[in-house]
Amino acid sequence: MRGFGIGSFGIGSDVKLFVAVFFLLMSFLVFPFPAFSEDELPKALQEDDPVEDELQYLHEETYVITPAKISQRIEKAPGSIYVVTDRRIREMGARYLKDVIEIVPGWFTIEWTWGEPYIFARGSSGNESDFILIMVNSQEVNNPSMGQAQVYGSLDLDNVKRIEFVTGPGSALYGSGAMGGIINIITKDGKDIDGLQLTGRGGSYNTFEGNALFGKTIEGLEIAAYADYLNTDGFHGKVDQDYQSYLDKLWGTHASLAPGYTKGAADQLDGQLTVKYHDFKFDGKYLKRNRDLPFGWYATLDNISKYDYWQYYLNLSYEKTIIEGLDLTAKVFRNQYLPNWKAQQAPKGAFVWTPTGPVILSEDKYVEYEGKSRRTGFEAQSSYEFAFGNTLVGGISFQQMEIYDNNTQANFIPAPFWPVIIPTPTVQDFPQGLQYPDKKRDLWAAYVEDLWDLTDDLSITLGARYDHYSDCGGELSPRISANWDISQNFFTKFLYARSFRAPTLMELYHVRFGNENLKPITKNNYELTFGLKLLPRFTAEICGFYYKSENFIYNITSETGVLRYMNLGEIENKGVELQMRYDLGRGSYLNMNYTMIDISGKIDGNQPMIPWRQPKDYGTLGANIRLNRYLNLNTYLLYRGDWEYREWASDDTPGDYAVVNATLIARNLPGGFNGMEFRATVNNLFNKAYVAPTDYPEPATLEMPGINFFLELRYTL
């Protein structure tokens, strides 16, 4: 097993300097900032922060709702859980969801050629991250079973109370798509805000962002409202050779714009409203984003490709304690997603095949698409806590999923055999036989779980969910876990679960590539965790995991020579995940995590298959230093190394690299600055030159941002 020592990284002296300074500073800080016992904590806090606020913060780190769909202490929750609170988000300088994902044990992101981050959890991602289920206030927003690209990586976090990460399988409660993990973003209620908060930030890439957050409780009516606006030119990465450069060499043409730069401009509006009255709650979110695509349809530089979408969800829920121990929750919801994109297929001067022979294009050829998808449904759940430490949870749900009003147009028509095209003089709709079809599917599901504290030290969770799709049948997802506190300072967890991802509507019914005989992708998951708790300062966990996935869905050439979606092969993920934290007291701490993963796969039992290029070793090393009651310094290092990659890209793959980020916060400074908070963040502090992989042979890697900064002012009334 490769160690986490700097000497084994093979990375630059700037990182070694950072680590040396990091530990030297921490050694010095241990003396002026002694750790406090749990009994001493309230007394220490009275000198700086209200005790009530600190205890609420500790509660947010201790209790979770995602793993079992009811509130429970994190040490009782099944599986691997990680919580990031709003305080941690502020301290590390995170602005968007993808920033937080990078520090979670076992998780990381990769920027792909269409500009949205692919999200990985222990090596699992899928197509467009459809192995990861993303929720806001326990409401699904990316819906993997519809083939909807996940668009929440750029979600702003200024109204977020905490984010719960479940690493590993979640289909036993959440159904399709929760194969790799679950992200549940919990936003602030009116009582959390109790006033008005205004935030403005700006910085590199001509970026400006401003938002307002309001919350109040008036005679039992609790309101939280949020609005955020972002405008940025985005990072422009240099590209020496793109995919068209590869084709130019092949055909002797000169159509590529490389060497050149990717595009990255974006304009985003984000709004949310939450209203509570007695047992009823309304939660609605709206997100509109317009952005330039870094590349066109392929990894080819161009000046016309863009991706616009808007999305919303509406959720009305009811929660009631019927009698002591018996709780009932019910909700109805509606999600809507409307994408509109334009992507260059081939640039002017490119060589293409037509039915009449080869042609050198006299103009850019591009595709435009717009469509709609929606989900409408309900869910009812009840839980009953028996007197002897046994809680039974059960529920049923229904969803109707639709894709409709699809329209594709272009200044060419695809011929039956790719890559042959039929150029047209004007932009026109695709023939009806080539349009995406309007399709609808129904999903019925039922789940049950038993959370049983057998003794004070031993608890088990047994559960299963059955999902039945109107177009691809049913799937059973069982789960069993056991949590055992071996002693006061040691604990262990075991988990087995089966998870799945149903074929998407596009995979089943695409007019050219669809296959109505597809089966769900399935995964069997095993985890074993050992933990150490030396309260109140030091905690550590090590988790070994093994996953085996079957029936992967790929768009490949079939035996008849036609591209189509097919179930092929199996993939095994196995590895070890380590995390540690040392609290220095009064808000200062050290933390680290490290993941080593090995991925292997086969198609039809023999041909090697690696679904993505990704690091086999990755981790985070960080520190938060509370300098005094006014100033807080946070710094962390992200390491990615030993990349796994497809053989055709073996000559150009990312090397090992480490990037350091730092954030300084000043709040409530003396001299009339009460209620004000200043935040300064520097990303890639040592200006490390590094690249990320793409999903094309040319360019196989993309330049990532060098040193960049953002300044922020927040005022709370």
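This is a predicted model: local features need pLDDT of at least 70, side-chain atom pairs count only at pLDDT 80 or more; totals for chains, interfaces and linings use all residues.

User: Which strands each supply at least two residues of the nonpolar patch?
Analyst: Those are strand E17 (306–323) and strand E24 (439–453). Strands here are DSSP runs of at least two residues marked E, numbered from the N terminus, and helices are H or I runs of at least four. Residues are numbered from 1 along each chain as its sequence is written, and side-chain values use heavy atoms, with hydrogens and water left out.

User: Ok, and how much accessible area does the patch have together?
Analyst: About 860 Å², with Ile322, Tyr384, Phe388 and Trp452 among the residues in it. Areas are Shrake-Rupley with a 1.4 Å probe, and for residues only the protein chains shown count as cover. Patch residues have over 30% relative accessible area and no salt bridge; nonpolar side chains (Val, Leu, Ile, Met, Phe, Trp, Tyr) are joined within 5 Å, like charges within 9 Å. A salt bridge means a Lys or Arg side-chain nitrogen within 4 Å of an Asp or Glu carboxyl oxygen.

User: What about Gly284, what is it in contact with?
Analyst: Beyond its neighbours within four places in sequence, Gly284 touches Gly271, Gln272, Leu273, Tyr313 and Leu314; contact means heavy atoms within 4.5 Å. Gly284 belongs to strand E16 (residues 280–292) and, at 9% relative accessibility, counts as buried. Its C-alpha is 5.7 Å from that of Gln272, 12 residues away along the chain.

User: New topic: in what order do the strands of the open sheet run?
Analyst: E3-E8-E9-E6-E7, with mixed pairing. Strand E3 (80–85) and strand E7 (139–140) are at the edges with a single partner strand each, so one side of each has no neighbour in the sheet. Strands count as paired if DSSP finds at least two bridges between them.

User: And how many bridges between E6 and E7?
Analyst: 2, in the antiparallel sense. Val136 has Gln139 in E7 as its bridge partner.

Conventions:
Buried means under 20% relative accessible area, exposed over 50%, partly exposed in between (1.4 Å probe, protein chains only).
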